[in-house]
Amino acid sequence: MSRQSHHLFDVPAAKRSRTSDILLSIASQGAEHSLSLGTLATQFGDRTFGILLIFLAIINIVPIISIISGLLIVFLGVQMILGMRRAWLPASVMHYQLNPVQIQKALNTFHPSIVKLEYYIRPRWQFCEAPIVDRINGVAITVFGMATMIPIPLTNLPPALFIILMGLGLLERDGLVQVAAAFFGLLVTSLLGYLILM
């Protein structure tokens, strides 16, 4: 097995931090520090995939916008297939300066909710952090991202739910949730295939 192939199956040795800890770290930097989207992306690392996927899947239910959000979901899926460790956004977007006071208030507001969510969704099944798993997830996200763009009422809801579930799994690196999302995706695909062939 080549070194590159072996790398695809590498699993991080260090225990993963929680999203709530990162939120506290950013909030504790104080309102006097400048804050950009690029800084947030650096702090969240590969969690940016989960955050963006959840956001895009939620707004996907809005007509017309679903086409744009679907394209962006596909864009993120392709990045995961290529092995990128954090979501890429244009420099003009990454350098956009955020209001540090408002961001600090928002982080402090959402922190309790994130802590409650982490009771159910938490880092586990560490083997799912291997790059090969991310690439497989990227393929599924790309396919379901394209499915969300189908211009038929309600057809984008099941794939959007898959994207949200997978986004939650990637956000906390919860392997169990990622696998649950995969099974849900297979179920949706099987049902659609059955209905089409009827």
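Guide: Arg85, Asp134 and Arg173 are linked in a network of salt bridges; a salt bridge is a side-chain nitrogen of Lys or Arg within 4 Å of a carboxyl oxygen of Asp or Glu. This is a predicted model, in which local features need pLDDT of at least 70 and side-chain atom pairs count only at pLDDT 80 or more, while totals for chains, interfaces and linings use all residues. Residues are numbered from 1 along each chain as its sequence is written, and side-chain values use heavy atoms, with hydrogens and water left out.

Visitor: How many salt bridges does the structure hold, and which parts does the pair of arginine 85 and aspartate 134 tie together?

Guide: The structure holds three salt bridges. In one of them, the side chains of arginine 85 and aspartate 134 meet at 3.1 Å, N to O. Arginine 85 lies in the loop between α5 and α6 (91–94) and aspartate 134 in helix α8, so the pair ties together parts 49 residues apart in sequence. Helices (H or I, at least four residues) and strands (E, at least two) are DSSP runs, numbered from the N terminus. Aspartate 134 also forms a salt bridge with arginine 173, with the closest N and O atoms 2.7 Å apart. Arginine 173 is in the loop between α9 and α10, so this pair joins parts that are 39 residues apart in sequence.

Visitor: Is aspartate 134 buried or exposed?

Guide: Buried means under 20% relative accessible area, exposed over 50%, and partly exposed in between (1.4 Å probe, protein chains only). Aspartate 134 is buried at 7% and arginine 173 is buried at 4%, whereas arginine 85 is partly exposed at 41%.

Visitor: Where does the salt bridge of aspartate 174 lead?

Guide: Aspartate 174 pairs with arginine 124, the closest N and O atoms being 2.8 Å apart. Aspartate 174 lies in the loop between α9 and α10 and arginine 124 in the loop between α7 (100–117) and α8, so the pair ties together parts 50 residues apart in sequence. Aspartate 174 counts as buried at 0% relative accessibility, and arginine 124 is partly exposed at 22%.

Visitor: Which residues touch the most other members of the largest nonpolar core?

Guide: In soluble globular proteins, nonpolar side chains tend to be buried together. A nonpolar core is a set of buried Ala, Val, Leu, Ile, Met, Phe, Trp, Tyr and Cys residues joined through side-chain atoms within 4.5 Å. Of the 16 residues in the largest core, Leu53, Ile141, Phe162 and Ile163 touch the most other members. The elements giving two or more residues to this core are α4 (47–59), α5 (65–81), α8, α9 and α10 (175–197). A second, separate core of eight residues includes Ile22, Leu23, Ile26 and Leu40.
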